[in-house]
Structure formats: structure tokens, C-alpha cells
Amino acid sequence: MNYTYLSVIGSLIGTIAIVLISLYLYVLYRKRYMGIWAIGWLILVIRHAIMDTGYLPWKQSFLGLTFYLLLTFIYVLLIVWSTYSFINKPLNKFWLYGAAGSFVISTALNLLPLPLTYKLLLPIYVCCIAGIWIGLTFLRNQELPIFSRLITGYAYLLISLINFSAPFIIPGSWVLPWGYALGGILRLTVAIGTLMLYFEKTRNALSAKELQYRHLAENAIDVIYYYRLLPPATLEYVSPSALAVTGYTPTEYYANNRLIFTIIHPEDKTLLGDFIANLPHTLSTPLTLRLLCKDKNTLWVEHKCLPIYDKTGHLIAVEGIIRDVSQRKKLEQMASTFDRMNMVGSMAATVAHEIRNPMTTVRGYLQFLERKEKYQTEKENFRLMIEEIDRANTIIREYLALSREKFVSLEPCSLNHIIETLFPLIQADATSSKVSASLTLENIPDLPLDKNEIRQLLLNLVRNGIEAMPTGGKLTIRTFLDENKAVLSVSDQGSGIPPDMLEQLGTPFFTTKENGTGLGLPICYQIAHRHNASIKIDTSVQGTTFFVYFNHPLQSMPPEL
Ligand code: ADP
Ligand code: MG
């Protein structure tokens, strides 16, 4: 056994190391370029093992040398291809044609009676050029991690430079074993560099991905969390949106692992217990429960949770998304309230109807008695009683009109008349709220209106006006003409509407009142829209006026009375 032989073995070991590492990485990550890389280097190992070691007498036979050339060019092509794949580029066809051309030329030279050195010159230099190109590709690629890129790049360059000198080394000289030995060490370096390069690249890609997901989680409106159950139970992640939703910062959640459970509404705690106990059957439907926020408000949330099991099937963690559904819940509650109100409304309508009948009888008797001789002195009182009954009747009639189904039918009618008939109801409402109401109705032409809808519009505006005023305030309802448009206005002496709130007026469910529905104005806007009318608001600290401009082209004015 001589030194040359030993050095070839050393070089073989270096190459085998590269093959093993590439295979290992391929099995681990299933990246195609790692597979190609491994095959390329494996071909070199085969060449080393059966030819460079001298087992196969290839140097003397034409076929042996052709096989040697074939292995070498395939090896070059494969490692160049895998390098292109590694940097996410397709193989440059130049390499394919170059390798094929070089193989044809080398085979032709093989036929000539030339010394072996000349026959090997082309394959060796193609290997060198490929090695230098790979080395430079690594060194110049700024996207690759610097340390491993330098190690691998320079190792490739050095291997190639040594190979450049190979044809000129006289067989049997002392330089030869050193060349092989150095080649072996450099190949080991390439193997280690590749491993580092790959791990660093994967780690960078992973952290970039992690950052991407983190950004998604951190900018989500919903709360995203990860809770490890075993052992010890720890909240590992909660997204910053937890602050906006619940009022507690992620730091507060991390400091107190139980906080996420303590904020669950006491009545809903069992819901969560059942949910966890019956996993994974409960997964299909999100859990809806209440949370108690830091500001003591109750929040409805929808909780979608995903259990994480270990390999033995034990539940080890839960991750999930918590969504604030308070607005939706409010809508649902409102819908059911309206449903109830609707029912109560229709019942009240029946009751009101029943009240009207006995009142008609009472009114009839009062009229009958009023005419009797013995009550002539009480005539004034009878008149008062009949008037009051009439007023009560008007109120009931208007109430009934409101509770009836609405069909929008625009018919020409007098806005003033509608207001006048509704006025007793308005006055009753105002009096019970300890404010007064007055009318200033100017002469305006008939307009195409739906009586019921206009009644509702007026009542909504009047109600808001009354609610906006302190005791003793005065509500004024006016009708007038402005630039040939009929206008209805409702003014109050409340404290006005702040500018930031003005923008939100008319948005369904926007209310500043404890028991408000926030539906009054949206309905007014709808009604106005159906009547081709527009609503304008004039507000100051002295009070607010709502103007309803009817945009109908005015027909002939009725004669002045
Ligand atoms: P609600 O009366 O149920 O609150 P509305 O849609 O009728 O719902 O009114 C929405 C909000 O607009 C009220 O909560 C109130 O803050 C404001 N608003 C309406 N009309 C007036 C008014 N005349 N003066 C002051 N604020 C008003
Ligand atoms: Mg209202």
C-alpha cells in the first residue's frame, strides 16, 4: 500500500461524506437539488472507487476511458444543475451543450494515439471550470448565509485550482499523494460547508416564514393564542389584538397564565369545561361565550379552537381564535326584541280597539245626558268631558295607524293636515315629558305622501326632540316653502349634536341613549328617501332643527284661505 493509494482513499472518504450529507438532507427535506447533488457526487465516488484506485484498468482501454469520461461529464452536469436549482434558477443550456460537446471531443481524442495526459486534459478542465463557477456562484450569492457561503465557495475554488495542476504532475511524484489528500480534506470541507449552508438557509427561510405568520397574527383583528397544557400549563402566545378586544395586554396574559380563564363570564365557565371535555367532537361548531373585559364590560366572543395532540394521542396544547361578536349578538338581541315588540304592538292594537268601543258608548251617553234639562248648568263640564274623550280617541286612532302594516302608497295629501291630526298625540307625549309643543303651519300645496310613513317620520323626529330637551323646553313643528320646496321642520331647545356625532347620524343602531334603539333616524332617512325628500340638520348649543325638504315639483298652490 503506497501513499498515493492512501490519499485516493482519503479523497474517496471526503467525497463519500458529501454524498452522505446530501442524501441525509434530501431524506430530511425532500429538496430535489439535494437529490441531484447526491447522485452527482455518488457518480464521482464510483469513479474514485473503481477507477482512481486502480481496480479497473481504464487507462489502457478505449472503453474504460470512455466510461471514465462519461462518468466525469455526468458528474459535472449534475452538480452544476443542482447548484442552479439551489439558487432557484433553471440550468443554463450552455452547460449541457458544453458537457456533451466536450464528451464528443474527448472520445474523438481517445481514438488518437496520444499520451493519456492529453486525453484527460478536457474532462479535467471542464471539472475545474465547473468547480470555479460553483465556487464563485456561492461566493457572489448575497442571499446565502455569509459564513457557510465563504467556506463552501473557497473550498470549491481550491479543489478546482488543485485539479488544474493535476495533468502536469508526473505520475509517481511526491506531489500526487498530497494532491489527493488535500482534495479529500477540501471535499470534507465542502461537505461540512454544504451542511451548514443548507441549515442556515433553511433556518433563515424558517425565520422569514415565522416572521410572515407573526405579522399576520399580530395584525389580526381577532385574538390568536397558543396554550400549552402539559406540563406546566403555559400561555405561549397571545396576539396583540387581545388588548383591543379584552383590555388586557399580552404581557398581563403572560404574567398570569390563568387570566385567560378568569375573564370568562362565570355563567359561561361550564360551557368551556364541557367544550374541552368533549373534544374533538365539539370542534365543528365554534363556542360562543361571554368575556368580562378590563373595563367591566361584557363581551360576546366566538371561540374557534384546535387541539394539539402528541404522538401518543395526549392532548398537549390548544390553539385558537377568539372573535368579538358583540355587534352581531346585539343585532340578534335587537331582532328578538323587535319581534317581541311587534307581538306586543299587535296585541296593544287589539286592546286599543277594545277600549275605543266602550269609549264610544260613554261619549254617546254624555252627548245624550248633556241635552237633558237637569244638566243644563253642567253643559260646560259635559263639553270638556266629550273633548277629552275625543282627544283620547285621536290618540288611540293614531296609535292604531302606526301599529298597522305599512304599504307605501304615495297619494296627494296635505302635510299640514297630517300634522294637525297627529298633534294631540304629540302634545300628550310632550306634556308627559314636561315640555311644550307648538305648531306653525304655513300654506303649502298637497304632496304625494304616504300618510303612515309621514306620521312615523314626524313622530321619530318629535321623540328625539323631546328626549333632547330638559324640562320646560319648547318643541316647534313648522311647515313652510323654501325656494319652491315644501319643508317640514322640527326644532328643539336641547344642547345640540356634537360635530363628530353628526357624521354618524342615520347609521343604524347608533344611539347615545341608554335605552335607545338607534333606529329612529335611519327609519326617517328611509322614509325621506322613499318620498324623494332630503333631511338637513341645523344644530348648535341652543338646539337642533331637523329639516325635511320635499323635492316634489309643486303643482298649483291651493287658494289662500
Ligand atoms: P335613538 O333615539 O333610539 O337613540 P335615533 O336614531 O332616533 O335613535 O337617534 C340617534 C341618536 O342621534 C340619538 O341617540 C341622539 O344622540 C342623536 N339625536 C337625534 N336627534 C337628536 C336631537 N334632536 N338632539 C340631540 N341629539 C339627537
Ligand atoms: Mg329616536
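How far does a polar side-chain atom of T511 lie from an oxygen atom of ligand 1? In this predicted model, the separation is 2.5 Å. Two further polar side chains reach the ligand. K513 places a polar side-chain atom 2.7 Å from an oxygen atom of ligand 1, and D492 has one 2.8 Å from a nitrogen atom of the ligand. Ligand 1 on its own would expose 530 Å², of which the protein buries 92%.

The surroundings of the ligand can be described by residue and by element. Ligand 1 is surrounded by 19 residues, and the closest are T511, T512, K513, T517 and L521. Sorted by class, the shell holds eight nonpolar, eight polar and three charged residues. Helix α15 (451–468), helix α17 (520–530) and strand β12 (543–550) each contribute at least two residues to this shell.

The whole structure contains 16 aromatic pairs. In one of them, F94 and W95, the ring centres are 5.8 Å apart and the planes meet at 70°; an angle over 60 degrees counts as edge-to-face, so this pair is classed that way. W95, at 10%, counts as buried because its value is under 20%.

Y227 and F261 make another edge-to-face pair, with ring centres 5.3 Å apart and planes at 85°. This pair links distant parts of the chain: Y227 belongs to strand β1 (residues 223–228) and F261 to helix α10 (residues 259–262), 34 residues apart. Y227 is buried, its relative accessible area being 4%.

Aromatic residues also gather in a group. Y33, W37, W41, Y75, F86, F138 and Y156 together form one aromatic cluster.

Note on methods. Residues numbered from 1 in each chain as written. Chains lettered and ligands numbered in written order. Predicted model: local features only at pLDDT ≥ 70, side-chain atom pairs only at ≥ 80, totals over all residues. Heavy atoms only, no water. Near = heavy atom within 4 Å. Polar contact = N/O pair within 3.5 Å; in protein donor to acceptor, adjacent residues only side chain to side chain. Areas by Shrake-Rupley, 256 points an atom, 1.4 Å probe, with all protein chains shown as cover. Helix = DSSP H or I, 4+ residues; strand = E, 2+ residues; numbered from the N terminus. Nonpolar A, V, L, I, M, F, W, Y, C, P; charged D, E, K, R; others polar. Phe/Tyr/Trp six-rings, centres within 6.5 Å; stacked < 30°, edge-to-face > 60°. Buried < 20%, exposed > 50% of the residue type's maximum accessible area, 1.4 Å probe, protein only.
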